[in-house]
Amino acid sequence: MIRTDALRTVLAGAAFAALLAVGGPAAPAQAAFALPTDTPGSSRAEVRAGTPAAHQVVTFFEEYRRAVLGESDEAPRTVRDRYLAPHLNFRLDAWAAQHDADPVFRAQNVPARWSGQQVEEQHGFASVRLTEYWGGGGSQEVWYTVRLSDLRIVELNDTPAF
């Protein structure tokens, strides 16, 4: 028999997920949810500790991925311009030229799935760890710094920003 408290928790979680699906309010800290994708079965994004900063990083990553794959009407640079600070875009262009790889994916191929988790918040900025999972196996962590006042992504590194 299911306890009443457990049933309430399950129902509240389902209601919250439904609210998110229709563009409801931002997720409270420590919520966990998965974002739907436009390519059924081929990719999946998951946000843990679903804060607005983590959600912003995963949304950017998914839109950028779709642009790279030609699954959207936007160019990858247009997506970057919308979410990233100008100085970061400049540095990513330099990184791409130096490494001959995509500066967001930090690789020459496109991840099959990914998960994001906010791990720290200090002085008006959040640190979000995005883990990319590759189709052939393996994973890679990329760390994002998000300015909380406007949710602009201001930093992207292979190691934690702070």
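Helices here are DSSP runs of H or I with at least four residues, numbered from the N terminus. The model shown in these views is predicted.

View 1. Helix α4 itself has 14 residues. From first C-alpha to last, α4 reaches 20 Å, close to the 20 Å expected at 1.5 Å a residue.

**View 2. Helix α4 has a buried side and a face turned away from it.** Leu88, Asn89, Leu92 and Trp95 are the buried residues of α4. They lie on the same side of α4 because they cover an arc of only 120 degrees around the axis. Among the elements that cover these buried residues are α3 and β6. The face turned away from the buried side carries Pro86, Phe90, Ala97 and Gln98, which are exposed.

**View 3. The largest nonpolar core has 26 residues.** Phe60, Val104, Tyr144 and Ile153 have the most contacts inside this core. Three helices, α2 (52-68), α3 (76-83) and α4 (86-99), are among the elements that each give two or more residues to the core. So are the strands β4 (125-133), β5 (139-147) and β6 (152-157). Helix α2 gives the largest share, eight residues. In soluble globular proteins, nonpolar side chains tend to be buried together.

**View 4. Ile153 is in contact with residues from elsewhere in the sequence.** Neighbours within four places in sequence are left aside here. The contacts of Ile153 then include Val57, Phe60, Tyr83, Leu84, Ala85 and Leu88. Tyr144, Thr145 and Val146 are in contact with Ile153 too.

**View 5. Strands β5 and β6 form a hairpin.** Five bridges pair the two strands in the antiparallel sense. One of the bridge partners is Leu156 in β6, which pairs with Tyr144. Four residues lie between β5 and β6. In that turn, Leu151 has a positive phi of about 60 degrees. Strand β6 is mostly covered, with five of its six residues buried.

**View 6. Strands β3 and β4 form a hairpin.** Strand β3 (residues 113-122) runs antiparallel to β4, and nine bridges join them. Gln122 has Phe125 in β4 as its bridge partner. Two residues lie between the strands. His123 is in the turn and has a positive phi of about 50 degrees.

**View 7. Asn109 lies in the loop between α4 and β3.** Its relative accessibility is 44%, so Asn109 counts as partly exposed. Asn109 and Trp134 are 25 residues apart in sequence. In space, C-alpha to C-alpha, Asn109 and Trp134 are 8.5 Å apart.

Notes:
Residues are numbered from 1 along each chain as its sequence is written. This is a predicted model: local features need pLDDT of at least 70, side-chain atom pairs count only at pLDDT 80 or more; totals for chains, interfaces and linings use all residues. Side-chain values use heavy atoms; hydrogens and water are left out. A nonpolar core is a set of buried Ala, Val, Leu, Ile, Met, Phe, Trp, Tyr and Cys residues joined through side-chain atoms within 4.5 Å. Buried means under 20% relative accessible area, exposed over 50%, partly exposed in between (1.4 Å probe, protein chains only). Contact means heavy atoms within 4.5 Å. Two strands pair if DSSP finds at least two bridges between them. The expected span of a helix is 1.5 Å times one less than its number of residues. The arc is that of the directions from the helix axis to the C-beta atoms.
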